[in-house]
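Please open the structure in the viewer and keep the selection tool at hand.

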Amino acid sequence: MDKVICISTQVIEAGVDISFDTVVRYAAGLDNIVQSAGRCNRHGKKARSAKVYIVNCKAEKLTHLESINKAKTACESLLYSYSASPDEYDFDLSGEKSISRYYQNLYSDLPQHYMDYRLGDGLPTMFELMSFNKSALDLSHDYAEKYIIANSLKTAGKSFKVFDDNQDSVVVPYGDAGEMIQKLKENYYRGFDLADCREDIQKLKPYTVSV
């Protein structure tokens, strides 16, 4: 069997079901490294241990990528500590103790309220909406005392977006997808609704990307 070398961006970390005998990754946050390592011998076909290499590139410049640089620095601190006393981490770099130390390193130097996620001028932060939420307990109103729980979880859920919504799904006419696309077009012009085409749409998912 021919050897395959895959050079990828961070997209490989996002649950891609693919397996390699060896993984080489630039130094980054521990969470990113663990995700990349999940593509090494993912299907358990290799009987021996599979290697994951972390490369610290000296020429890499992360000056304008503050969050990535902070995560990398926090991970480097953990790796240094782990190499000196792996027993303190139960000899598991992806274990609970290692992960806990990594996030302590990452967040300990952040300024106060850095992760509160302000929604806008004059508006409460995400943290406030999901915790004490003083804006919902305005004692100038009689009804304020009726609320046992002041958390505005629904408002927080609508306000916060991990990823922007400005994406469209595009089907790539690769392999059998071309014929399936043509079939969907024909059914659409015949008056079929989405419920009738659900099975065909599901088959196209492996050929769909978001842009």
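**A helix and its neighbours**

The buried residues of helix H3 pack against helix H1 (30-37) and helix H2 (66-84). Here, buried means under 20% relative accessible area, exposed means over 50%, and partly exposed lies in between, with a 1.4 Å probe and protein chains only. Helices are DSSP runs of H or I with at least four residues, numbered from the N terminus.

The model is predicted, so local features need pLDDT of at least 70 and side-chain atom pairs count only at pLDDT 80 or more, while totals for chains, interfaces and linings use all residues. Residues are numbered from 1 along each chain as its sequence is written, and side-chain values use heavy atoms, with hydrogens and water left out.

Select residues 96-107, which form H3. This helix of 12 residues reaches 17 Å from its first C-alpha to its last, close to the 16 Å expected at 1.5 Å a residue (1.5 Å times one less than the number of residues). Within H3, highlight Ser98, Tyr102 and Leu106, which are buried. They lie on the same side of H3, because they cover an arc of only 70° around the axis, taken from the directions from the helix axis to the C-beta atoms. An α-helix has 3.6 residues a turn, so residues three or four places apart point the same way.

**The largest nonpolar core**

Next, select Leu30, Ile33, Ala71, Ala74, Cys75, Leu78, Tyr82, Tyr89, Tyr102 and Leu106, the 10 residues of the largest nonpolar core. Such a core is a set of buried Ala, Val, Leu, Ile, Met, Phe, Trp, Tyr and Cys residues joined through side-chain atoms within 4.5 Å. H1, H2 and H3 each give two or more residues to this core, and H2 gives the most, with five.

**Aromatic pairs**

How many aromatic pairs are there? The count comes to three, where rings of Phe, Tyr and Trp (its six-membered ring) pair if their centres lie within 6.5 Å; planes under 30 degrees apart count as stacked, over 60 as edge-to-face and the rest as tilted.

Select Tyr82 and Tyr89: their ring centres are 5.8 Å apart and their planes stand at 40°, so the pair is tilted. Tyr82 is buried at 17% relative accessible area, and Tyr89 is buried at 4%.

Return to H3 for Tyr103 and Tyr107, which lie four residues apart, about one turn of the helix. Their ring centres are 5.8 Å apart with planes at 15°, so this pair is stacked. Tyr103 is partly exposed at 31%, as is Tyr107 at 40%.

Notes. Contact means heavy atoms within 4.5 Å.
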